[in-house]
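Keep the viewer open as you read.

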Amino acid sequence: MIIHKEGDKSKAICERCKEIVPVTFRYAPFMAQGLKVPEVMQGFCDKCGDSISLPHQSTYRIREYR
């Protein structure tokens, strides 16, 4: 398992941009289905800014709030 740190770079598919894009990891609030979890590591598209990936290490933080 890769542990991502803030500022790490990767690539992923962005649904909004419809292509493989560079991604930068940083901490931000995670919001989904009425759930808001503060300070979750996420990968953000460098082109449009959308959150497009959640590293494995973030699942534990989200699970705590459920």
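**From one leucine to the whole chain**

Start with L35, which sits in strand β3; strands here are DSSP E runs of at least two residues, helices are H or I runs of at least four, and both are numbered from the N terminus. A quick note on ground rules: this is a predicted model, where local features need pLDDT of at least 70, side-chain atom pairs count only at pLDDT 80 or more, and totals for chains, interfaces and linings use all residues. Residues are numbered from 1 along each chain as its sequence is written, and side-chain values use heavy atoms, with hydrogens and water left out.

Is L35 buried or exposed? Its relative accessibility is 18%, so L35 counts as buried (buried means under 20% relative accessible area, exposed over 50%, partly exposed in between, with a 1.4 Å probe and protein chains only). Leaving aside residues up to four places away in sequence, L35 touches F30, I62, Y65 and R66, a contact being heavy atoms within 4.5 Å. By comparison, C48 lies 13 residues from L35 along the chain, and their C-alpha atoms are 23 Å apart.

L35 is also the bridge partner of A32. Zooming out, β2 (residues 19-32) and β3 (residues 35-45) run antiparallel and are joined by nine bridges; two strands pair if DSSP finds at least two bridges between them.

That pairing belongs to an open, antiparallel sheet of four strands, ordered β1-β2-β3-β4. At its edges stand β1 (9-14) and β4 (51-53), each with a single partner strand, so one side of each has no neighbour in the sheet. From one strand to the next, the twist averages 60 degrees. Helix α1 (residues 56-65) packs on this sheet, where it touches β2 and β3, and its direction makes about 160 degrees with that of β3. Such angles run from 0 to 180 degrees between N-to-C directions, with axes as lines fitted to C-alpha atoms, for helices over the stretch in contact.

Now the whole chain. From the N terminus on, its elements read β-β-β-β-α. The C-alpha trace spans about 30 × 25 × 15 Å along its principal axes. With 66 residues, a compact globule would have a radius of gyration near 11 Å, and the chain's 12 Å agrees; this radius is taken over C-alpha atoms, and the globule rule is 2.2 Å times the number of residues to the power 0.38. Buried residues make up 30% of the 66.
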